[in-house]
Amino acid sequence: MASIIESGWLYLITHFSDFQLACLGSFFLHESVFFLSGLPFIYLERAGWLKKYKIQMKSNTPAAQEKCIVRLLLYHFGVNLPVMLASYPVFRHMGMQSSLPFPSWKVILMQITFYFILEDFIFYWGHRFLHTKWLYKHVHSIHHEYATPFGLTSEYAHPAEILFLGFATIVGPAITGPHLVTLWLWMVLRVLETVEAHCGYHFPWSLSNFLPLYGGADFHDYHHRLLYTKSGNYSSTFTYMDWVFGTDKGYRKLQALKNAGVENGGKQT
């Protein structure tokens, strides 16, 4: 398996330049993973499949879903792609490379762990800052147009917010100058995480049921349902920042009431 991956990678680095792979390749990978993981939730919502796992009973109209997709394409080509092109010299200066051999799994795991920790910290404070009155009204309210989120709404935001919070995702790799394969793995994990957090469904197999401190869809859906001044749940991937600063108290109280209701219901039967 490893030899197949290395052969495929060798083909890429011999047929494309570092610039093409780091910029255009990263953009193509992002678009592929984002839309392939996010579009199925639109069809689930329209068809009413797996409805018992839907967090909110309300559904978005096809027009609202289509508006989201059109805006996303504009944002991705008008904001994301130029940022990838502009940030390439920084990554190269910090030592990013694409040549073989790959870094060890230990190095990859350590770097991605660092990226998650740093991204969680920066995202939490940036997101909380966006919920101040002026910034919410003029910037962050666009993301909250969808009180009932679905996977693709994860990247539906004001261009200023895309730049502001996108910084939290790229600052870790920019500091460490990773191998391109590490950068791509980090990108895939982040995209899958944020799509899942906005998907609007909480399944028995959802990662939040098994991984401590992982937020997931139920945690973030609560954030979208409430008024901006009272929402809390500002964390990105893991929820420890909300726990430390007490911004998840409303959500925890709601969970406790739900659990108490389930227990009482079980006793009555």
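Which residue forms a salt bridge with E66, and how far apart are the closest N and O atoms? The partner is R46, with the closest N and O atoms 3.6 Å apart; a salt bridge is taken here as a side-chain nitrogen of Lys or Arg within 4 Å of a carboxyl oxygen of Asp or Glu. E66 lies in helix α3 (residues 62-93) and R46 in helix α2 (residues 18-47), so the pair ties together parts that are 20 residues apart in sequence. Helices (H or I, at least four residues) and strands (E, at least two) are DSSP runs, numbered from the N terminus.

The structure is a predicted model, in which local features need pLDDT of at least 70 and side-chain atom pairs count only at pLDDT 80 or more, while totals for chains, interfaces and linings use all residues. Residues are numbered from 1 along each chain as its sequence is written, and side-chain values use heavy atoms, with hydrogens and water left out.

The pLDDT, the predictor's confidence in each residue on a scale from 0 to 100, averages 93 over the protein chain. A score of at least 70 is reached by 96% of the residues. Among the elements of the chain, helix α7 (residues 180-197) has the highest mean pLDDT, 98, and helix α10 (residues 249-268) the lowest, 75. Over residues 265-269 the pLDDT is below 50. Beyond near neighbours in sequence, this stretch has zero contacts in the model, a contact being heavy atoms within 4.5 Å. Where pLDDT is low, the predicted coordinates should not be read in detail.

The count of salt bridges comes to eight. For the pair described at the outset, E66 counts as partly exposed because its relative accessibility is 44%, and R46 is likewise partly exposed, with a relative accessible area of 43%. Buried means under 20% relative accessible area, exposed over 50%, and partly exposed in between (1.4 Å probe, protein chains only). A further salt bridge joins the side chains of K67 and E145, at 3.1 Å from N to O. K67 lies in helix α3 and E145 in the loop between α5 (133-138) and α6 (159-176), so this pair ties together parts that are 78 residues apart in sequence. K67 is partly exposed, with a relative accessible area of 34%, and E145 is partly exposed at 41%.

Helix α7 contains both members of another pair. The side chains of R190 and E193 meet in a salt bridge at 2.4 Å from N to O. The two residues are three apart in helix α7, about one turn of the helix. R190 is buried, with a relative accessible area of 9%, and E193 is buried at 5%. E119, R190 and E193 are linked in a network of salt bridges.

Helix α8 (residues 216-225) is largely enclosed by the rest of the structure, because nine of its ten residues are buried. The buried residues of α8 are G216, A217, D218, F219, H220, D221, Y222, H223 and H224. H223 has 0% relative accessibility and therefore counts as buried. Leaving aside neighbours within four places in sequence, H223 is in contact with H127, H131, H140, H144, S231, G232, N233 and Y234. The C-alpha atoms of H223 and E161 are separated by 17 Å, the two residues being 62 apart along the chain.

On the surface, F121, W125, W243, V244 and F245 form a nonpolar patch, with about 560 Å² of accessible area together. Patches are made of residues with over 30% relative accessible area and no salt bridge, like charges being joined within 9 Å and nonpolar side chains (Val, Leu, Ile, Met, Phe, Trp, Tyr) within 5 Å. Accessible areas come from the Shrake-Rupley method with a 1.4 Å probe; for residues, only the protein chains shown count as cover. Helices α4 (105-130) and α9 (240-245) each supply at least two residues of the patch, and α9 gives the most, with three. F121 lies in helix α4 and counts as partly exposed, at 45% relative accessibility.

With a disulfide defined as a pair of cysteine sulfur atoms within 2.5 Å, the count comes to zero disulfides. C68 is in no disulfide; the nearest cysteine sulfur, that of C199, is 14 Å away. C68 counts as buried, at 0% relative accessibility, and C23 counts as buried at 0% relative accessibility.
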